Amino acid sequence: MGIRGLMSFVEDHSNEFFTDLKLQDTKIIIDGYALFHRLCFNSDLDLRYGGDYDSFADVVQKFFESLFACKICPYVVLDGGCDISDKKLTTLKDRAREKIQMAHSLSVGGGGYVCPLLIREVFIQVLNRLQVPFVQCFSEADRDIMTLANHWNCPVLSSDSDFCIFDLKGGFCPLNSFQWRNVSTIKGTGDRYIPAKCFSLDALCRHFSNMNKALLPLLAVLCGNDHVNLPVVETFLSKVRLPSGAAGSKGRRHHRVLGLLNWLSHFAGPAEALNQVLKQLPKKSRGDVRELLCGSMEEYLQSQVKLQDFFQHGAYSCLDACGLGLPQWVLAALARGQLSPFISDALVLRRTILHTQVENMQRPNAHRVSLPIRQVIYGLLVNASPRLENTSGNAPPPQPLAFREVERFHKNIKTSIVAAVELPKDHCDLSRLTELSVASRRALLLEALKVRPAVLDPIPASLKLPIAVSCYWLQQAEAKARLHHLQALLLGMLLGPLRAAARGPDEAGQCWVGALALCEELQGARTPPGPGLDLDVAHTFCQWQSCLQMGLYLNQLLAAPLPEPDLTCVYSGSLAHGLCRRLLTSASAEGLLRGCPEAQQLYECLFHATRSCAPAELFLPKSKSNSKKKRQKKQGSSGSKNRVGAISDMGSWYEGGNRFGLLMVENLEGCMEASELA
């Protein structure tokens, strides 16, 4: 969540409301969403190129190593999907618009904060590698975090101002004053600690005439949080004369926070204060406003979810989730982070949000290229439970197999209606999906990715899914992939095996000659911070990442018929962009690999696999390829004809033996083109 102006207000009064803390030898509950955003945005990572996931993973590892050095036991709690009521949809759409503006700013050389597309998945992979205990809640995690922290009497680490409202026994440590990079030592004992600041709710209440803590949830909803942003609240604020408070308060938001705290301190409890709020409003709206405000204030009560049971026994139970009749394996996989909140939103709300990347805003959004993969995902989810009908407060989609997608449209957002694929009967029962053989689930995955199983046979297990996704991406006309794009991606995939080889012999006991030198040369190819962004290259790699994301989600939903790849070894944005520059100017892939025969052999294996699925024009000399494009342009116009072409390609795929390709073609043709501007 988040309360407008509250965090900066209390930080401006740090001496009154915070105490210095030497954090050591304790459990700590970490708001995972806040942490990975903080580490992503405050570690000098270049956000323009779509994610240097290896560099980000290094930062995450160093963070937890600092905790381990101080005998701090972290428990990470991640947000899940959206609430069943979808009451935050307006807020989420506003944030999506803000991210589009920041992504555009980054794309033209300005500033901004946009998380790379797969940052959450990379964060979870690092947690698993370091064996850091974590849980993914079914929906928003704040109340569950508060309840667990109070059960264990330990502090919470977050940047969310809602934790200034919760009554936390062990206190709230804001991330921006948590000095994990400055581990210190106590003289005499040698014990190590992390300097931090701890917010004191008691000190805040004492400062405002010993006000009742129970009044603070009303402060949150009157200031405005993610759930409440009512014009009638503005009406109340305009009518009531708020005390002006101290002269040092800054800005309108600080004035509001200070004035409301002073005003609320005059009431014995929330019921009395709420009645005074309602008296300022028209009588006809009081009942609805009371219900909404009371409901929002309940968001600050203790949760019924007992996360300690999950961390101690692996059992996760949430009443909201259990009431939906979802398969037990799905609930367990969501709690373990083995399924994404994207899956949860599609299941529960029939609505997903496609996150904008730093891409070319003049072109259709990069997620369009992975639409057929999402349609297969939706097809697997569409009959999950009869209890899911009309769970959202929003009107259901007009078609029984339809899902809504909130996506970028130029520099705004729109909501599109997407038809799910109607799958064969043996794949329609989500509760029994994991009972299918691995071969059946793998066949379904590869059919969705338009890849023949034999293509992947020579590929190392760790790279099978990225190569399958690359084969799919190359077949999408909208991707406009070029040879140097493919070569850059494949060269980047060598970095993981090269790093392993540089540390010693591989599993077969073989040493890779020249591995360390090649590893260093590839690292040196990264694009430095200075050069501008090639928008067409960026857009192409954004499309590939979207395919990888949806391929990863489909693989997870099918219970991993292909091994999940280490994403830090699959893609580095600055490396991919830097290699593109080199390949277009002075270098060749073969020349780069000449000094390491084993790496060259692996590259040729990857290249051969992807080449078998790529259009022939990808390998034509540039002049011939351009001539072919001109002929194609004369033969047909853009827009709907391009979509028809894509559908025809899928029809050819079906003729090649795909079991449900024709159904996908029919669904694409029937997919509603009419979209509502959100």
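Modeller: In this predicted model, pLDDT is the predictor's confidence in each residue, from 0 to 100. The protein averages a pLDDT of 87, and 85% of the residues score at least 70.

Colleague: Over residues 631–678, how does the pLDDT stand, and how many contacts beyond four places in sequence does the model have there?

Modeller: The pLDDT of residues 631–678 stays under 50 on that scale, and the model has 68 contacts beyond four places in sequence for them.

Colleague: What makes the packing of helix α9 against helix α13 oblique?

Modeller: The axes of α9 (residues 216–223) and α13 (residues 283–297) come within 9 Å and cross at roughly 120°.

Colleague: Why is α22 called oblique to α26?

Modeller: Helix α22 (residues 483–493) packs against helix α26 (residues 573–585) at an angle of about 130°, with the axes 8 Å apart. This angle lies between the limits of 115 and 145 degrees, and so α22 is oblique to α26.

Colleague: Is the crossing of α22 and α26 left-handed or right-handed, and which residues make the contact?

Modeller: The crossing is right-handed. Among the contact residues are His484, Ala488 and Leu491 of α22, and Leu575, Leu579 and Cys580 of α26. The contact comprises eight nonpolar residues, four polar and no charged.

Conventions:
Residues numbered from 1 in each chain as written. Predicted model: local features only at pLDDT ≥ 70, side-chain atom pairs only at ≥ 80, totals over all residues. Heavy atoms only, no water. Axes fitted to C-alpha atoms, helices over the stretch in contact; angles between N-to-C directions. Helix = DSSP H or I, 4+ residues; strand = E, 2+ residues; numbered from the N terminus. Contact = heavy atoms within 4.5 Å. Parallel < 35°, antiparallel > 145°, perpendicular 65-115°, else oblique. Left-handed = near helix turned anticlockwise from the far one by under 90°. Nonpolar A, V, L, I, M, F, W, Y, C, P; charged D, E, K, R; others polar.
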